[in-house]
Amino acid sequence: MLKYVLKRIALMFVVFFIIATMCFVLIKLLPVPTIKVQGRDANLVLQKREQMGYNKPIMTQYAIYWKNIFNFKKSDGSFGWSPDFGLGEQMYISQPVFDVLKEKLPYTIVVNLYSILIAIPLGLLLGIYAALRKNKWQDHVVSTAVMLVVSVPSYVYAFLVQYFLCYKFGWFSLTVASRETANFFSWTMFKSMFPAILSLSFGTIAYLCRFSRAELSEVLTGDYLLLARTKGLTKTQAITRHAMRNAMVPILPMILGEFIGILSGSLIIEGIFSIPGIGKLLITSIELRDYNFFMSLTFFYTLIGLAGTLVTDLSYGFIDPRIKMGAK
Amino acid sequence: MDYNNLPKDKFVFAKREGKIADKKLETKPIGSFRDAMRRFRKNKSSVAAAVIILILFLYAFIVPMASHYTIEDRDGYYKMLRPRSKLFSWLGWDGCMKQQESQAGYDYYGSIGFEYGQSAIRSVQGKEIDANTGNPIYQVYVDSYEVVGFTYVDLVKEEYEALKEYQSKTGIQVVYPMPANYKTDFVAVTNGANLWYMLADESDKTSGEARDHDEEGRPIYVANYLKKSNKTYGQYDSIRLNIPGDGDDGQYYVYAVKNQTGYHLRVLYKEYYRYVHGYYADHLFGTNQHGQDIFVCLAYGARLSFLLAICVSVINLFIGVIYGAIEGYYGGVADMIMERITEILDGMPFIVVATLFQMHLSRKVGPVVSLIFAFVLAGWLGIAYRVRTQFYRFKNQEYVLAARTLGASDKRLIFRHILPNSVGTIITGTVLIIPSVIFSESMLTYLGIVNMETSGYTSVGTLLSHGQTYMSTNPHILLFPALFISLLEIAFNLFGNGLRDAFNPSLRGADE
């Protein structure tokens, strides 16, 4: 088992390394932004480029890049600098990428954390309820609602939430409270993030509900459940002790995957509610052609995605001892 | 009877001439497709979804051709018009909007209609007196098409003559007298063409008594047109239409002011629009902030989305089927290597792939083609995975072994014997690629990563992002694209689920 886990982790890093190399080369092949400032400033930019090794061969730069990542002691940021290319909008000028990441990541994590903390219990409860009332009107109502919510794109609810809660009724502010004035886990912060949290949870609730309904209703038809009833267990006992435990085998890995996913956040929801999170950072870095940021974020997103898949896959074996991992 | 020595003449040939063939089947054979179709048709919601998809599809392809608006028609005056439908005007779909106006604004909107007969204010829904200032505040329901009112246009001589001829031929008044240089107290509007009036006894306003309005608060307008005693005097040249009282006192209204290039005139925009285009403006979904018709823009965006999605799903179908078939059929080393490739492709975040393709290729091959590349790069993984699973399931079955023993080639085994088993999943997978591509495309264009707003086309995401800017004041710009994409996604998901169930033979008879 341990051998299998280690093998999977090693494989993950190999895949990550290949993707990272490809992305690095592709990003480095992009045209270098033209220098928009003139005179002495332009010279400074050129000097900085030279100093940062932009004129070296790409693979040499790549080696330097990796060296910088593992050079944590260096105070000037281990993920490289945002280059000062005189782009006009020098948003992250001379700020180490790592510091900006550290600053933006909490917003994304907090919003997503709240949203899944709301979504998981609701989704599970609805799903279980629908499964227990299968083919009755309650199930039809829940299933139809879930189908609608799963199909409609997430930004459409975001628009609805924003229009009704923020404009029409004016219950919530349009912007997120800043971290200087409010603690991340304070009520003010929660309230200012609520529209985003709500829009994010819709999808998760529906998805989880559909999944748990399908799993539980499949489990409920099993013969061992009939046996449990004939042994004399009450319906509640049979469901909680036998059906739920089996139904949870595929559900729990999915929830774990959701938890890993909170790091990457949602680009579009962060865009709509102007949350200064990591998704917004990616968009900004693309808009500004800030390739160092784009590169670091690519690495970050890739790693999160791979780790999510890995954790989901491996968790099956830990949750259900009957599943032999790595067995052919 | 001696069975060993049966007399020969007892034997008769059953059939000597002709070929021996099976009897024709009495009943109609039901192939797997026909069976799937039969089950699909039983699923009412999927059939409804298919009809909706068809309607949306027709909308996307017919409207850009049939409508007299195009995406490049940008009307500078008819911006952000509200949606208007003749059929559903009783539902509030009448091109009007609620607005809060001060007394001056109320007078202003009233004046537009007062001059030519159709009021911009459809109804006054309420009147309050502001507690602090004592000024009245009106809740008015104004027609967004009439709010534009009058505008100034500059025409060269020939155009001016043509307009005059049009007026005298049809009897429709387009050109109205120029207002005299005078300011009313309505300051919010810089478009002076609508300020043609003076309020009665306005000079008394300083005394505090509002005598320019009658007892019910309705303004009393007094025309304040520019007048000259000689209609051909100096630089002025006016056409005179039948306005009572004009010219009685030897003073004539001025309809056009000559300038270096031609004539400066004041026109009723509604009629002028009709004169130029041949029809009145009428926008089913309203117009956006550029004055484009949303109904048409959305159709252009939808057409692009459909074309893109169909293109992508067909390409993905081919790559996925071939890749999955090779993986699943040959197995072993080939499978292992190919699986690693899929793992790498699967690990690349889509947003990064799309951005990189956009940055590298959009200048060479255009944004749409580079978007197709981005979708194709990892889009076929799902189909390949399904096909691979099916191959693993079927490749060791007896019928395949039998075919192989009879000498069937690999190609024949793959495409004739094993692949048909996975037709159902392939079709379902291909159909379900379409909504996901449309969603991702709208997301990328919404975020501005892909810019499709070059001349001649737009995308649903671009429309959404424009709409979001004006959400608080003009929600209709956002509403229709959002509604369209929601409807499309719902319909496609229902349709896809219906197909999946229809192609699943284990459900045969389950609902009968």
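In the predicted model, three strands of chain B form an open sheet in the order β1-β3-β2, with antiparallel pairing; strands pair if DSSP finds at least two bridges between them, and strands (E, at least two residues) and helices (H or I, at least four) are DSSP runs numbered from the N terminus. The edge strands, each pairing on one side only, are β1 (96-102) and β2 (121-129) of chain B. Neighbouring strands are turned by 20° against each other on average, direction ignored. Between β1(B) and the antiparallel strand β3 (residues 136-143) of chain B there are 7 bridges. Lys98(B) has Tyr141(B) in β3(B) as its bridge partner. Helix α3 (residues 103-116) of chain B packs on the sheet and touches β1, β2 and β3 of chain B, its direction making about 130° with that of β1(B). Axes are lines fitted to C-alpha atoms, for helices over the stretch in contact, and angles run from 0 to 180 degrees between N-to-C directions.

The largest nonpolar core comprises 130 residues, and Val111(A) and Leu298(B) have the most contacts inside it. Such a core is a set of buried Ala, Val, Leu, Ile, Met, Phe, Trp, Tyr and Cys residues joined through C-beta atoms within 7 Å, buried denoting 20 or more other C-beta atoms within 10 Å of the residue's own, with C-beta atoms placed from the backbone. Helix α7 (residues 187-220) of chain A gives the most to this core, 14 residues. Beyond its neighbours within four places in sequence, Leu298(B) is in contact (C-beta atoms, placed from the backbone, within 7 Å) with Phe285(B), Leu463(B), Phe480(B), Pro481(B) and Phe484(B). A second, separate core of 37 residues includes Leu81(B) and Met178(B).

Residues are numbered from 1 along each chain as its sequence is written, and chains are lettered from A and ligands numbered from 1 in the order in which they are written. For this predicted model, local features need pLDDT of at least 70 and side-chain atom pairs count only at pLDDT 80 or more, whereas totals for chains, interfaces and linings use all residues.

Definitions and conventions:
A residue is buried if 20 or more other C-beta atoms lie within 10 Å of its own, exposed if 12 or fewer, and partly exposed in between; C-beta atoms are placed from the backbone. Two residues are in contact if their C-beta atoms, placed from the backbone, lie within 7 Å.
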